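Please open the model in your viewer and keep the selection tool handy. We will go from one stop to the next.

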Amino acid sequence: MDITSSNTTWTDICPINDLTPDAGICALYNEQQVAIFLCKQSSNVYAVANFDPFGHANVLSRGIIGSTEDIIYVASPLYKQRFNLATGECLDSEEHKIKIFNVRIENEQVQLKEAS
Amino acid sequence: MSKQRIVVVGNGMVGHKFIDTIIGNDETKYEVITFSEESRLAYDRVQLSYFFSGKTAEDLALTDAAYYEENGIKFVLNDKVVDLDFDNRNVITASGRVESYDKLVLATGSYPFVPPIPGNDQEHCHVYRTIDDLEDITKSGETSKIGVVIGGGLLGLEAGNALVNLGVETHIVEFAPRLMAVQLDDGGGSLLKRKIEDLGVHVHTEKATTEIVAGTTSRYRMNFADGSHLETDMIIFSAGIRPQDELARKTGIPIGERGGIVINNHCETGVEDVYAIGECALWENFIFGLVAPGYQMAKVAAAHMHGDSDTEFTGADMSTKLKLLGIDVASIGEVHGKTPGAQSYTYHDEIEQVYKRLIVSADGTKMVGAVLVGDVEAYGTLLQLKLNDMKLPANPSVLILPSSGGEEAAGMGVDALPDTAAICSCFDVSKGDIKNAVAAGCCNMGELKASTKAATGCGGCTALAKQVLDSELLSLGFEVKKDICEHFAYSRQELADIIRVKKIKTFSELLVDCGSGLGCETCKPAVANILAAYWNEYVLEDAHVGLQDTNDNYLGNMQKDGTYSVVPRMPGGEVTPDGLIVIGQVAKEFNLYTKVTGGARVDLFGAQLHELPVIWKKLVDAGFETGHAYGKSLRTVKSCVGNTWCRYGVKNSIGFAIDLENRYKGLRSPHKVKFGVSGCTRECAEAQGKDFGLIATEGGWNLYFGGNGGMRPRHGDLFASDLTDEQVRTYVDRIYMFYIRTADRLQRTSVWLENLEGGIEYLREVILNDSLNINAELEAEMESNVANYQCEWKTTIESPEKLKRFKHFINSKEVDTGLAFKVIRGQRFPLAKEIEITELVE
């Protein structure tokens, strides 16, 4: 298991069972706060920065997952701005975009990697 | 072509209506001159009684000098037309003025009939017809203790109201066996009498006054034919009207046997180019003593002069609806059994004092007439049925039975009306006119009134006009979408019904059943809230976690920096010193900002996720429970100490407040709910500003509902009085559950109540009389909720699995390093980017 801060390798974060379906958790990865979401319906896992650029607080992992048309997003628990979980784009303001991370499930482990 | 010269004798409501109409037809074609023996231009005689509730002569005015001058109308006040010269086409006034005419309109109105009783011409004997009369009556009232109205008809009751307003002991003396003998039947008349007597007005029927002589205890004494008598200081005669046909009699214009200037369907009299309109006119041997037919005549006469011979006066409907002494009374069509074979339906509620009688044709298919006293809501529908000769529903009794619930009187919605149906008879506005106005862009009652004048006369058609307006708007697609969001094509209430009926326990099931997509931050918390209200399961079950706002998920209110508040429940605001010490110790240990709330408990701010379970463990161990400050649920029950400590307390308000708080704690609802319980009418707990308010009186609890503070403060409505503890619990159980079941998402009880069709009275019907037959169900649901209550924090700290979520990182013991604080007044505050905390610093 490689835990050095490499940008090119996958890092184990937690067992898949630690994720709550259709809700988020926050992980510490490369000294960054990362919000990870498991969407039950699509069985997809998403990872974005935990920092809410509107409320200036580390809270996005505690937001609600929603969909509008085909976009899956998280709504900030502070002031409800929505962020596209696949791209990090904010649906309510073009000026704000949050960082996204690569995420996968491997051997029952949730793994993160910096997006290239 | 020279202008046609029109002289209008009389400037009352109908005379003015004629002038308004003829200049509206073509102002360049006519020169109009009008005479009035009164000192004022036309005013609203229908609203005359408002003179006593503060309206001035100006308020009642229908026009003014400026309007007439602008439109080139000459007017002569205080000068009565006393003679006519048909050969030379002149009118001659009392002052000797002579004016010529091409067309002459007599709109001389009527005069009050004063029965020929000896002594009827004394100083404090009045009639009730003009503003001058009212001024005289007011003056007499100042020196009178007792006043009598002779005549119990429509105008007599208005005059009675005037006496009540003047503060004198009021008596109404009527010759006939019942009040409003023309419009009401025996049942309606006797109920009206009872209601009027309840107001402290004395009613004497079947009394014929024989003479008015000097009194012994009062100014006058009235002697009656049956030997009895009545002492009084002033008398108003209101025994009917007689057409003012003096001028016609004198000049030889044909008049009827019992008075009235005879007119044809064009309102022409027996003399060429002379018309008569309004109460002075006799059509088919009938005098129309209401304003609406007078207006019709004015229009017909104006049309005829303008060359339109097709418009004819062919009689008028004499139905009336009015408020007399605050009592609603209405009469439609023929109500005295003169129609052969007619049958009737009668609804008589002696408790609420409502009388309704519907008279139908022998075969039961058409309406003949109706009498309504005490509740005239059905007037609009019944009048339209009568005027349009519409077929009655299969079971006509539904038209007068009190509605149980929201259903419309069967099949009698406004959609069934033809476009020709007259909605506003004062201004002759038909349903078609309203439809046109809506098509032209009119969207609300204000605009409708401005563009059509509908509902601006007597106002009796307001409700009906609104219904037509709404129905038109609806048909044009103006319907307000009630869908909760893009994922469900249902309102919150509809979703609640689906969840309850189909026994749906999770959001996923609901989404499969009737939704689409993944849901969102709007529908998920709403559904979670409904699920919690119906099944009251532990809110942190896995299936529910993703649905809730973070506040519900972490059982605290998220503050602006991402930390949470901790608010233990203190039922009724009562706390032991030991309890208070524990709270202080916890706050100190975790460096929590501490403040006493408006809801009589303590807020602790600044707890981080990982601290929450530790903090709550200490609080729960000390006997505290969660205060649900984070949930859309019962917040606090504010109270005073009541009769336990207070010298003035009437009941044990603190004890009852604690009972209530413990009963309803944890119950999820569409929005937060607060209670207040005051131990006496001094109301120290401000109960009337709460969703549920209780105030102790000697007779028991007074229950208020629908109060609110916040953005739009509102006092609660008194729901019921003098209740026992047990009754309060039962009624609150029912109302609370009914609200939970039917309110919209985030709708406070105040708004819910205001939007509830029928308001507090309807709510009483449902809760006290079980009109929807749901009370047993509501109570059972509440019982099940009370039985399933659990302190969510206690459940959480006992479950290692749940506790896993209460840490900032899933993969590290580190805490959030993004938090920063500043100390002010000895406590910490968040130091986030945008807060202007500097100004707080000393």
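Start by selecting B:Val149 and, opposite this residue in β16(B), B:Ile236. This is a predicted model, in which local features need pLDDT of at least 70, side-chain atom pairs count only at pLDDT 80 or more, and totals for chains, interfaces and linings use all residues. Residues are numbered from 1 along each chain as its sequence is written, with chains lettered from A and ligands numbered from 1 in the order in which they are written.

Now widen the selection to β10 (146-150) and β16 (234-237) of chain B, parallel strands joined by four bridges. Strands here are DSSP E runs of at least two residues and helices are H or I runs of at least four, numbered from the N terminus; two strands pair if DSSP finds at least two bridges between them.

Next, show the whole open sheet of chain B: five strands, paired in parallel, in the order β9-β16-β10-β11-β12. β9 (125-127) and β12 (202-204) of chain B are at the edges with a single partner strand each, so one side of each has no neighbour in the sheet.

Finally, bring in chain A: 28 of its residues are in contact with 28 residues of chain B (contact: C-beta atoms, placed from the backbone, within 7 Å). On the chain B side, α16 (542-545) and α17 (550-553) each supply at least two residues.

Terms used. Two residues are in contact if their C-beta atoms, placed from the backbone, lie within 7 Å.
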